[in-house]
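This note is intended for a colleague meeting the structure for the first time. Please read the numbered points with the sequence and the model side by side.

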Amino acid sequence: MGEPLRAEVASLRATRWFADTPVPTREIVRALEAARWTGSARNRQPWRFVVVRDGALRERLSLLGGYAAHLATAPVAVLLAVDHATGGEDAEFDAGRAAQSLMLAAHGLGLGSCPVSFFPASNAEQAGRLAGVEAPWKVRTAIALGYPARAPRGRSAIPSGRLPLDRLVRWIDS
């Protein structure tokens, strides 16, 4: 991987604190355009994106699980709807690829992002209903987007850093 690309990937961090600055539509479209080009098994593209800028709806979505709170303060929430019938066994993996493409593109545009998981399943179903997503599409994930703000002072409960490569890789040679 070329050094500029590795540096972009390595510098991507979850943003849970957002400035109260609207994100221009053109920037959202640029990030979505990058996500649209994500590869998928048999080019099925088993995802659709629902862009939520409405503050009241983002507030309601933020209550759907322990990992959704920051949707309330993000200027934009992109809900990722997945069709498991079309995508088959690869649907969730392919949707994750699209989410990562969206987050990397947003990062390159100076936007912060953070994935949101709607758990348990009843929260995911409610998120889909609130956004008007109908079967066969299901929403289990959203991406919070916006310009980063300073995180509150204090120590994070989330570990930082990455495991070294030699702890993550097992080699099998002939």
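1. Basis of the note. This is a predicted model, in which local features need pLDDT of at least 70 and side-chain atom pairs count only at pLDDT 80 or more, while totals for chains, interfaces and linings use all residues. Residues are numbered from 1 along each chain as its sequence is written, and side-chain values use heavy atoms, with hydrogens and water left out.

2. Overall architecture. The chain contains seven helices and four strands; helices (H or I, at least four residues) and strands (E, at least two) are DSSP runs, numbered from the N terminus. Their order along the sequence is α-α-β-α-β-α-α-β-α-β-α.

3. Dimensions. The C-alpha trace spans about 55 × 45 × 30 Å along its principal axes. A compact globule of 174 residues would have a radius of gyration near 16 Å, and the 17 Å of the chain agrees with this. That radius is taken over C-alpha atoms, and the globule rule is 2.2 Å times the number of residues to the power 0.38.

4. Of the 174 residues, 35% are buried (under 20% relative accessible area; exposed is over 50%, partly exposed in between; 1.4 Å probe, protein chains only). Among contacts (heavy atoms within 4.5 Å) between residues at least 6 apart in sequence, 79% join residues at least 24 apart.

5. Nonpolar cores. A nonpolar core is a set of buried Ala, Val, Leu, Ile, Met, Phe, Trp, Tyr and Cys residues joined through side-chain atoms within 4.5 Å. The largest has 21 residues, of which V76, V78, L80, L102, I143 and L145 touch the most other members. Two or more residues come from each of α2, β2, α5 and β4 (137-146), and α5 gives the largest share, eight residues. A second, separate core of 19 residues includes V52, L71, A81 and V139.

6. Helix α2. E27, I28, A31, L32 and A35 are buried in α2. These residues line one face of the helix, because they fall within an arc of 135° seen down its axis; the arc is that of the directions from the helix axis to the C-beta atoms. They pack against β1 (47-52), β2 (76-83) and α5 (91-108).

7. Helix α6. N123 is found in helix α6 (residues 121-130). At 13% relative accessibility N123 counts as buried, and beyond its neighbours within four places in sequence it is in contact with L64, G65 and F118. The buried residues of α6 are N123, A124, A127 and G128; they fall within an arc of 140° seen down the axis, so they line one face of the helix. Their packing partners are α3 (55-61), β2 and β4. After α6 comes G132, with a positive phi near 75°.

8. Residue P115. Where does P115 lie? P115 is in strand β3 (residues 112-117), and it is partly exposed, with a relative accessible area of 41%. P115 and A144 are 29 residues apart in sequence, yet their C-alpha atoms are 6.3 Å apart in space. Leaving aside neighbours within four places in sequence, P115 is in contact with H70, M103, A142 and I143.
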